[in-house]
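Here is a short report for a first look at this protein chain. Take a moment with the sequence and the model before reading on.

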Amino acid sequence: MAQSESSIRAELGIPQSAERVVILSQSSHMDWDWLETFPVLYDDSSAPYFNGSNAPAQDILSQAAQLLAPSPPPGSATPSYYYSLAEVGFLERFFNLGPSGDVSTLVAAAKSGLFHLVGGGITSPDSLLSHGECFIRNSLVAQSWFQKNLPGATVTNFWIPDDFGHDAQLPATLEAMGLKGAAFERIPGSPYQQTGSAPTNGDPSAACQLQSAGIDFTWQANDGSEILGHYLIGGYGQGTDISSGSDIQSYLDLNEPSSPTPYVFVPVGTDFSPPTQGLQGVVNAWNNGTTKPNYGSTGVYAAVATFDHYVALVQAHASNLVKRLFAGIPVWLGNYGSRPALKRWQYKSTRALVGAEIFGSINDLFDKTPPDWQPDVFNAWWLNVASTHHDYVVGTAADFDPQNYSGYMDVYGVEQLTRLLLAENKGELAREAAMMRICETIKPVFNQVVAQNSETPVAVFNQLGFERAGLVEVPMGADHGALSVRNALGATGLIQPTHDGSMLFRAKAPAFGYATSYLNGEGGYTWPSTASSLSITTKDGGKTWVLANKYVKATVAASANWGITELIDLTSGENLLYPGKVGNDLIFYSDTGSIYRYGNEFTGAGTTMTIDATACLTAAGAMVVEDGPLRVTLDTRVSAKVGGRSYSYKRTYTLHEDEALLRMGFSGTCPSYSDPAAPYNDHGYSVMTRFPLPVVIDHFAYGTPNHWDQTPWVQYWDGPQFLATHNFAIPLDTSGAALLAVYQDTMPSWGVDGNGALIGNLLRNNPTSPNNLGAQAADRGLHHQSYAIRMPSGLDAPETGAPLMEALSFHTPLTGRFVSNLSDETLPDSYSLATIDPVSGKAPPALLTVAKPSWAQGAPGLILRLYQPTNAPLPLSVTVGGTASNVTGLTALENPLTAAQVAALKIKSISKSQFSLDTNRAITTIGLDLAQ
């Protein structure tokens, strides 16, 4: 139960008569991998990073335990000591390796309320670039650990002071997680952001707006979700060096004028700083009047407390707070394009693990002796979620000193990629094992007209939470030749051999489940009466290729270095490209920014972000890789001369017979120029793909980690500007009409260049460090990107959910595996673990995103997560593949909802396998027990 303002004051020893109070909160800030690897940061005090003012995590936690151990007697004038920790990954290591006495002290302090978790994830996560589900799992993995090892510990607020910008829709995620408030620092205009923080139109920056209207505010998301937002106007380590009352006065001078309630917050503790000794003594002296200034002279009482205390106290004065939508971007945008492999493998591993949970849950329901897959998947999540750290997924932590390489570790290669590749491998193995187990237990339903031995069953798996149809690729195998296929789409002869010896056909599969297709090797089914509309042709001996279906016509030419010279929306007949311009063109920027920031973000700092006019492209070969009725693929190569070096790039163009989008792939290495006298002092480059459009882009509608937004950006500098987009980005004209849509695999960086063209950052290599800002390790790796252009005809708005569903289908295809039926168990030939029911015969604008075993103590056995993008209340019904009981609403961290939230959700049972609910927010989590 929430504490009242008076009870919190009593706990902290604050006189009820004190009209103003400054809260000094001792907390940690321990980056997972800043400059050094996690093990070094945990306990290697000899590392060059630790220079006397900071210390390894083990030393910090031991010192915190020693300060928490003595407890002042009841009624003592000495305030209690509180310590808040934001990074459970270090705490878990401390419980395993730290002094047992200190561990016991922390356990006891948690029970007494002196040791708090703020944020409470495995690490302090980035909210712009992290995969949305991975962001949630960062906290959920941590909670599953501390619920077992730190009784009494809970998390009620979020701590993201070092993130390089903030998702405008973050309140939708945090409210869904059951959290109340969030503290942050880095926003445009903050004095700690250096240059490039003032809007070019002269409007006040985001920081100036909060300074004027209140650094405490009710932060709203588009779906109506709300949290308390707190801007750390003095920096997240403002009070670290506190030693006297004059320090407290300086904190008040900065914070008090912008604090809209009787309470002022001052964080104590910066990067790997040990707990501040004497904090209680300074506060005592201030309150007792033995220092000048003091409580008596200022009327401001000082208290040692936590951010949790502060949020509760401020919320008691919620009427004083301004309600606002808030976009804490842009701050630093270069990190969107830096270290692309980190983004790619975080997304791939997250998708694999989500799929493993869905198909593993199906096995658990039907299999009498299911494999014990859950520990392996949980351990893979533990590996994965560290990548949400605000120096990890953004790619800023990799570093080395050329003169002392043994001192600094290349975190990018030594730790970060290694963990993600291992997490992805474990996820893929678990997902594959779950699918193969299902294939062993499916009971096929053969066609009674055609001989049974002429049909080969193939299970088509769909790990997405909505029914869909699309292409399925399965290994051919010597004994699995086929001429036609029978499935939910009917009998069809459209089966296509692929370039790598697999087989391609269209199929349909239900949400979170599978459907069985039957391949016929004797041609026993009727072929379709209409031919495929798909083609790939040339009229000039391979210098120009035209890929077309009934929706799209794309012309790719050697004269344009295998860029797109014409991209036609065949429904409207319009060319999506500016006449005479080239789409998917490769543009090389001379980018002398840092690994954090593009060169144009350093206003007046002598850095640049300009197109390298000396870069020279030459078209090499092009080859038709696939030419069939279902899919065509063109493989193109181009050589480049950039900065005096030669590079080779591959771009592929693919059309499916039934899609209104052109798929593209890219592979290559980012250029760099090294001075022979200083081989690690590379000159930075960024490589963009560019699509000049005939209409000016006014703003974007785009996916965020767990929702969508279309907040117009504020221009803080000239030249290219980017958004961290998830799944889809839709450029809009001044009237709000969609010009097209971009669907992406993992590349989270789309925007406009200085001439207004649509651009996406493919590669970035920026090891230089203007103003000593950022890491300096070069990125010369081979990277891969996948993206698609969707035609505007028939493109629905984000609130319908259609762009998200199409984007998810783009990067997470249906998967086919042969049915072996080796088990005595029997599964039906089609099954859905859970699905959202149609409304008036139509698919609703909602989808399921997660089906997993519960991790939280006391939660029902199966967890479902629903997403609905309408930004309005939406009643839904859900059908599950079994008998549902104990259906209840939960937070995304699988904890109970408040009574008011339960009442608003209105969960009602319709039948044994169906229930209804009212979704009032974008994200809803349901727990239930499911049986056959």
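A residue is called buried when its relative accessible area is under 20%. This is a predicted model. In helix α10, the buried residues are L279, Q280, V282, V283, N284, W286 and N287. That makes seven of the ten residues in α10 (residues 279-288), so the helix is mostly covered. The cover over these buried residues includes strand β1 (20-26) and helix α9 (245-255). Helix α11 (295-298) and strand β9 (300-304) are also among the covering elements. Just after α10 comes G289, with a positive phi of about 80°.

Helix α16 spans residues 802-811. Eight of its ten residues are buried, so α16 is largely enclosed by the rest of the structure. Those buried residues are A802, P803, L804, M805, A807, L808, F810 and H811.

## Nonpolar cores

In soluble globular proteins, nonpolar side chains tend to be buried together. Here the largest nonpolar core holds 239 residues. Within it, L24, L91, F115, L150, L567 and F691 touch the most other members. Helix α13 (residues 340-366) supplies the largest share of this core, with ten residues. There is also a second, separate core of 22 residues. Its members include A176, A701, I730 and Y743.

Which residues does F691 contact, leaving aside its neighbours within four places in sequence? They are I564, L577, G583, N584, M664, W750, A757, L758, Y787 and I789.

## The chain as a whole

The protein chain has 17 helices and 49 strands. Its radius of gyration is 29 Å, close to the 30 Å that the globule rule gives for 932 residues. The chain is therefore as compact as a globular protein of that length. Along its principal axes, the C-alpha trace spans about 95 × 70 × 55 Å.

Buried residues make up 62% of the 932 residues. Among contacts with a separation of 6 or more, 74% join residues 24 or more positions apart.

## Surface and charge

The protein chain exposes about 32400 Å². Carbon and sulfur atoms supply 51% of that area.

How many positive and negative charges does the protein chain carry? There are 51 positive and 82 negative charges.

Terms used:
Residues are numbered from 1 along each chain as its sequence is written. Side-chain values use heavy atoms; hydrogens and water are left out. A nonpolar core is a set of buried Ala, Val, Leu, Ile, Met, Phe, Trp, Tyr and Cys residues joined through side-chain atoms within 4.5 Å. Buried means under 20% relative accessible area, exposed over 50%, partly exposed in between (1.4 Å probe, protein chains only). Helices (H or I, at least four residues) and strands (E, at least two) are DSSP runs, numbered from the N terminus. Contact means heavy atoms within 4.5 Å. The radius of gyration is taken over C-alpha atoms; the globule rule is 2.2 Å times the number of residues to the power 0.38. Accessible areas come from the Shrake-Rupley method with a 1.4 Å probe; for residues, only the protein chains shown count as cover. Lys and Arg count as positive and Asp and Glu as negative; His and the chain ends are not counted. The place of a charge is taken as NZ of Lys, CZ of Arg, CG of Asp or CD of Glu.
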